[in-house]
Amino acid sequence: MIRKFPRPILLLIAVPAIAAAFIAGCGSDDSSSDSDQPDAGLTAVKSYLTEHTADLVAQTDTLKTAGNAYYDLAKANDFDYEKMLKNDGEAVNAALTDAKNAFIKANPAYEEMEGIVAGIPRTAQYDTDIDAGSDASDPESAVSFNLTLPNGEVMKQPGNLFFLIETALYGTNEDLTAEGVKPDVDGDGKVSFGEGLPEANAFKASVDEINKQAKDLDKDAQEIVITPSDAFTSITVMTPTMSEYFEQWKLSSFVAGEGSQQEEGFVATSRLSDIADILTGIDFTYAEIEPQIAEKNANQAEQTAAELGNLLSTAEDLRDREAAGEKFTAKQADQLGAEMQAQAERIAGQVTQAAKDLDIEIQEG
Amino acid sequence: MTPASTISGSARSRVIAAVATIVAAVAFFSAASPAQAADPAWQSADQITTSLFNAQTDLILNDPSGGSVEEAKKALSGPLRRGFEASSPAALKVVEEQLDRANRAVASGDSVALAAARGTITAALRRGAFDRVIDLTAADRPEAAREWLQIRDFRQSTRYTRVGTEATDALIALEDGDLGPDDAVLQVRKDLLDTYQSRLGTNLEEADKAAERRFPERLAESAAITAGYWQILTGEYEDQRGPEAATRANLIFENLAGDAAAGDTAAVRRAVRQATRELEGFVAAPLTEEEKARRASQFSRFIDLVPVEYGRGVADGKVTKAFEIQEAVAFAEGASQALKDLSSDLLEQDPAGTRSLIRDLGLLQADLQTAAEGGAVKEAGEIEQMAGDIAERAEGMFPDEWKASSDDADYDLVNISLDQMLNAINAGEYEIAEQNRLSAYAFFEFGPEIKLQGFDPGLSLEIEGMFWYGARDLPGLATLIADQASGRETMPTLVELRSAIDEAHEITGSDASPGTAITNAALIVFREGLEAILIIAAITASMIGARQVLRKPVYRGALLAIPASVISYLLMVLLLGSFAKYGEKVEAVVGVMAIGVLLVVLNWFFHKVYWTEWIASHRKRTKEVTTAIAAGSATGAATVFGLYAVGFEAVFREGMETVLFLQALQLAAGTGAVAIGVAIGLAAMGVVGFLTFKLESRLPYKKMLIVTGVLIALVLFTMVGQTVRTLQGVGWFPIHPIDIDIPLWMGTWLGIYPSVETLVAQILSVVFVIGSYWAAGWYSKRKMRIQREQYEAEQAALKAENPSGENGRNGAEPHDDAVSVSQERTRETV
C-alpha cells in the first residue's frame, strides 16, 4: 500500500530538490548537446579512409592466410626449418611469396591513409601499432600490444607490425628469422638479398595481429565522424615528419645499398614511396578543408595549397625516378630531406594559423 | 645500377612546368589588367625560394634543365619589392646581390655557392617581411600585415612546444579592435623573435652536423640561414648586451657563413661553439613573468620526477624497467629545456651558480643516458641525491614570483601526467598508470578546477567524470585502467579529456564577464549553502518545545564555521604556501570527521528523540515529563558540544571550497561583481532556508520526524559517497570501478559513483541508519518493558500490601501504551 504524503511534506522535499535542480541546470554547460546533432563530418575524407581500411583488411587477410600456411608447414616439420625446406620447399616458397605480395599491397594501402590515421588522435594508436611505433625501449613511442606466440612465449611491446613482418619476410632481422638455416627460399642454390625464412611462431602471431588490428581500424573508421578539427590536426601532426622519413630512406638499402643498410625495415618498398603515399593522403585531406580556410583568408589557403602541391609533386618525382632505376646518394637524400622538412614545417605552421583564424581546435595527441 | 652522376632530368619537368605556368599566368594578367598586375608579396617570395630550390635540385641531381634563377629574379618585383624598399632596403640589397651570386653559381655549377646564396636569400626575405609586418602593424593596417606575415618561418613543434600563433592572434585582435597597434607590435615581435631565435638554434645544430658529416651544400645553406636570422636578432642582442657584445657576435656569425661556404668544416665547428657560448642565456623575446613561473614550475616538477622514475626502473645496479629509465631521461630533458629558458635571468642574478646548475644537470642527464643505453647504472639513491641537490639549488635561486603556482603550469602538469599514464598503459604497467592518473587529477582538482568551477561548473563536472567513471558517453580513465584497457581503447577518452582540458584552459585563461561572475558567484554560494541548510534543518526540526534550546548550539556552530572557513583558508595559504597542495587531503579529513559527527547525531536522534518522542506522544500524561527528561539529558556538556560540531561541520565542510571558488572569480572579474553574486546567492539561500524551516514547522510532528530522519540519512548517504571518492582521489582508498552507467548529476547531488568502495560504503551507511533505527526501537521498547515490569512488580507489591486495589487502573496503562506504540509503528511501517 502506498501512503499519500501530506502536502507540507512534499513541499519540504520539493523546495530543496527544485532549488538543486535549478542550480544544476544553471551551472551545467551542456556541451554534449552539440555532439548530439547528427553531423556527417568531412565525408570525402571519411570515404577515402574507409576505402583504404577495407583494402588493408583484404590484404592482411591474404597475409594472414599465407602466414598461417607457413606456420603449419613449420609445425608439420617440428619447426626444423632445414627439414621444412627440404620436404616442403615449394610450398614454403609459395606461402612466403604470397605473404610478400600481400605485404607489398598492404603497405601502400596503409601509407596512403597514414596521414589521416596517425594525424587524428582518436585513431593514432593504430599508426603506432601498425606502422610507426617502436619497441619497449622507447616508451614515448612504443606500441601498445604484446604478441603471444603459439608456443606460449610473449613478446612484450615488440615494435610495429609492418616492421616485424617485413624484416622477418625479407630476412633483415635475425631475431625474427629461423636460426642457423640458410634461407634459400626459392631453392636456386644461393641466398639473395630479401630472401628470409621467418621464425614461424613470431610470424604467425604478427600476421594474426595485423589482421586483427586492420579489422578493428576498419570498424572504427566506419563509425568515426571526421571533423574539421581532425583534418587540421592530422595535417599539422603528420606533415612535419618528413625529415624522419628521409633519414630512414637515407639509411635504407635503397640509398645505402643492399647489405650496407643501417635500417632493417623498408626493404620491400622504398620509404620514398611511403612519403609520396602519405603526402597524397594529406593533400586529399587539405583539399576538403581548403574552402573553409579560403573563406576566411584566401591568400593563406592559396599559399598552403601551392606549397603542399609542390611538396607532393617533388616527392612523387623522386619516387618515380627511383622506381625508374635512379640511385640517390646519402648527400642528395640529406639535402632533399632538409628542404622538404622545411617546407613541411611551414605548411604545418600555416595550417596552425588558419585553424586559429577559424577557431578550430588542434587536438593534443 | 644507375650511377648518381647520370641521373636524367626529365622528371623535374612537373615542378618546373607548375612554376612556369604561374609565371606565365602572372605575365598574362599583368598585361591584361594593371590593377591586378602584381602577385602578393608572399607569392613572389615563395616563387623566389621555390625557383632557387629547383635550381639547386638541378645541380644536386645533375639536371641540365636550368633557368630557375632567372625566374627568381623576375619574381623580385611588385609589392614584394615595394614593401622591401619601404621597410627593409638592406634586406632587399642582400636579396639582389645573392640572386646574382646564385646566377654565377649555376653558371659555374657550384652547388655549394648556390646553397649559400639560397640560404642567405631565404633569411633576407624573412627579415624584410619581419620589418614590413612590424611597420604595417604599427600603422594599424592588420590586413596588409597579415599578408606579409605569410612570409615567415615557424618554430619547430615538440612535445613541449607548439607552433606559436601569437602574431596571428595579435593581428586578428588589431583587426577586431581588441588590441591597439602598439600592443599588437609587441606581440607580433615577440612571436617572430622567438621563432627566429629558435630557428637560429636548429640551423646552427644542422650546420654543425653537416660539418661533421661533410655535406658541403647542407652546411653552406644552414650556416647562411643562421647568419641571416642573426640579422633579425642582432638589434635585440645589442639592446640587451651592448654594442661591444653585438659586434663580437656579428663577427662570429659572419665568419660562420664564410667558413661554411668555403667548406672549412673545422672553422665552422669552432664558430658554432663560439656562437653557442656567445648566445648563452640570451632570450630575444624575453619571457613574461607568467611564462617564467610556468617554466620554473615545469623545471621543479620535471627534476622531482627524475629520481622517482629512475628509482622504479633500477634494482641492484641493473635496469629492471627500461621504460622507467626512458621516462627519467625525458624528464631530465624537459628540466634542461626549462632551465635553458630561464637561464638568461638566472645568469644575471648568479652567473657562477647558474653555470654550475646547468653543468650538474648535464652530468645527471649523461648518467641517465648511459643507463638507458645499457652502460653503467648508478644507484637510485645517488640519482636521487643529484636531482635533489639540483632542485634545492634551483629553488634557492628562483625568485618568489616564479614559485607561485600558475594555471599554465598546472595544465602542463596535468598533460604531462596524462602522457605518463598513457605510456604506462602501453607498457602494461597499470599500477603506475593509476598513480599517474591520480597525479593528473590532483593537479587539476586543486589547481585549475577551482577556477573552472567559478567559470563553467558543467565543464568541470565533465572533466572530473572523464578522469573517473565516465562522461560524454565515454568510459572514465579510472574505469579503463581498472579494466586494464589498452592504449587504443583509452585513446577516445583521453582525446576528449584533453580537448575538454584545453577548453578549460582557454576559459580560465580569460577574464570573466561581470554577468558570468555574478551568476556563478550566486550559484556557488547557493549550491554550497544548500547542503548546509538541509543538514541544519533536518537536525533542528525535532527541536521544538522544551528542546528548542538545543537549536542554539547548532546555529552558533554554523555561524562560527563562516569565519573559521576564511581563517583556515588564509592560514593554509600563509603557513603552507599553497592551499591547493593540501586542499584535497584536508577535504578528505574534514569529510571523514563530518561523517563521524553525522553518525553520532543520527544515533542520538533515533535514541533520544525519535523513539522517546514517539513513545512519549502515546503517553499523554507523561509526555511533558519525558520530554523534559530527554531535554535535560540532551543538554549535557557532551551533547551541546556535539550539536556545535554538527552546525560547524555542516558549514565548514563547504566553506573553504566556497572561499576558494569565490577567490578565483574575484581575481578574474573583480570584487564588485562577485559581491553582487554573493548577495544574490545568499538571498536565494535565505528564501529556500526560510521556506524549508517554515514548512518544517507546519508539519505534523510525527510526519516531520519521518522527514527529518530521511533527510539526515540522505545527507549521510551523500556525504559518505563523496568522502570515499575524495579518499580515492588522494590515494588513501583503493578503486574498483563497476561497469554501470551512472549519470554525472547523481555523483554531484547524491554522491553515487560506480565504484565498489563508494557504493559499499553507502550501503553500509544505509545499513547503519536502518540498524540504528531498529536498535533504538528495540532499546526503547526494552526499556519500556523493563519499566512496565518494574511498574507491574511495584503495583503487585502495592496490591499485596493494599488488597483494596485503590490504584488498580494505573497497572494497565503502560501495557496499553506499549501495545498502542507497537500497533501504530506497524501501521507506519506498512
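Analyst: Start with burial: a residue is buried if 20 or more other C-beta atoms lie within 10 Å of its own, exposed if 12 or fewer, and partly exposed in between. Keep in mind that this is a predicted model. In chain B, which has 830 residues, 49% are buried.

User: What percentage of the residues in chain A are buried?

Analyst: Of the 365 residues in chain A, 53% are buried. As for secondary structure, chain A has 13 helices and 2 strands, and chain B has 33 helices and 2 strands.

User: How do I read burial for a whole helix, and how many residues of helix H7 of chain B are buried?

Analyst: Count the buried residues along the helix. Helix H7 of chain B, residues 142-149, has 6 buried residues out of 8, so it is largely enclosed by the rest of the structure. The buried ones are B:Pro142, B:Ala145, B:Arg146, B:Glu147, B:Trp148 and B:Leu149.

User: Which helices do the buried residues of H7(B) pack against?

Analyst: From chain B, they pack against helix H2 (41-60), helix H4 (78-87), helix H6 (111-138) and helix H8 (166-175); H12 of chain A also takes part.

User: Which residues are buried in H20(B)?

Analyst: Helix H20 of chain B, residues 448-455, is mostly covered, with 8 of its 8 residues buried. These are B:Pro448, B:Glu449, B:Ile450, B:Lys451, B:Leu452, B:Gln453, B:Gly454 and B:Phe455.

User: Is B:Tyr430 buried or partly exposed?

Analyst: B:Tyr430 has 18 C-beta neighbours inside 10 Å, so it counts as partly exposed. B:Tyr430 belongs to helix H19 of chain B, residues 430-445. Leaving out residues up to four places away in sequence, B:Tyr430 touches B:Ile425, B:Ile481 and B:Gln484.

User: How is sequence separation read for a whole chain?

Analyst: Take the contacts between residues at least 6 apart in sequence, then ask what share join residues at least 24 apart; in chain A that share is 73%. For chain B, residues 24 or more positions apart account for 74% of the contacts with a separation of 6 or more.

User: Now helix pairs. At what angle do the axes of H12 and H13 of chain A cross?

Analyst: For a pair of helices, read the distance between axes, then the angle, then the residues in contact. The axes of helix H12 (residues 298-323) and helix H13 (residues 330-357) of chain A come within 10 Å and cross at roughly 155°. That angle makes H12(A) roughly antiparallel to H13(A). H12(A) passes H13(A) in a left-handed crossing. Among the residues making the contact are A:Leu308, A:Leu311 and A:Leu318 of H12(A), and A:Leu336, A:Met340 and A:Ile347 of H13(A). By class, the contact of H12(A) with H13(A) has 9 nonpolar, 7 polar and 2 charged residues.

User: Which residues make the contact of H8(A) with H13(A)?

Analyst: Geometry comes before the residue list. The axes of helix H8 of chain A, residues 228-238, and H13(A) come within 8 Å and cross at roughly 155°. H8(A) is therefore roughly antiparallel to H13(A), and the crossing is left-handed. H8(A) contributes A:Phe232, A:Ile235 and A:Thr236 to the contact, and H13(A) contributes A:Ala348, A:Val351, A:Thr352 and A:Ala355. The contact of H8(A) with H13(A) divides into 5 nonpolar, 2 polar and no charged residues.

Key: Residues are numbered from 1 along each chain as its sequence is written. Chains are lettered from A and ligands numbered from 1 in the order in which they are written. This is a predicted model: local features need pLDDT of at least 70, side-chain atom pairs count only at pLDDT 80 or more; totals for chains, interfaces and linings use all residues. Axes are lines fitted to C-alpha atoms, for helices over the stretch in contact, and angles run from 0 to 180 degrees between N-to-C directions. Helices (H or I, at least four residues) and strands (E, at least two) are DSSP runs, numbered from the N terminus. Angles under 35 degrees count as roughly parallel, over 145 as roughly antiparallel, 65 to 115 as roughly perpendicular and the rest as oblique. A crossing is left-handed if the near helix is turned anticlockwise from the far one by less than a right angle, and right-handed if clockwise. Two residues are in contact if their C-beta atoms, placed from the backbone, lie within 7 Å. Ala, Val, Leu, Ile, Met, Phe, Trp, Tyr, Cys and Pro count as nonpolar, Asp, Glu, Lys and Arg as charged, and the others, Gly among them, as polar.
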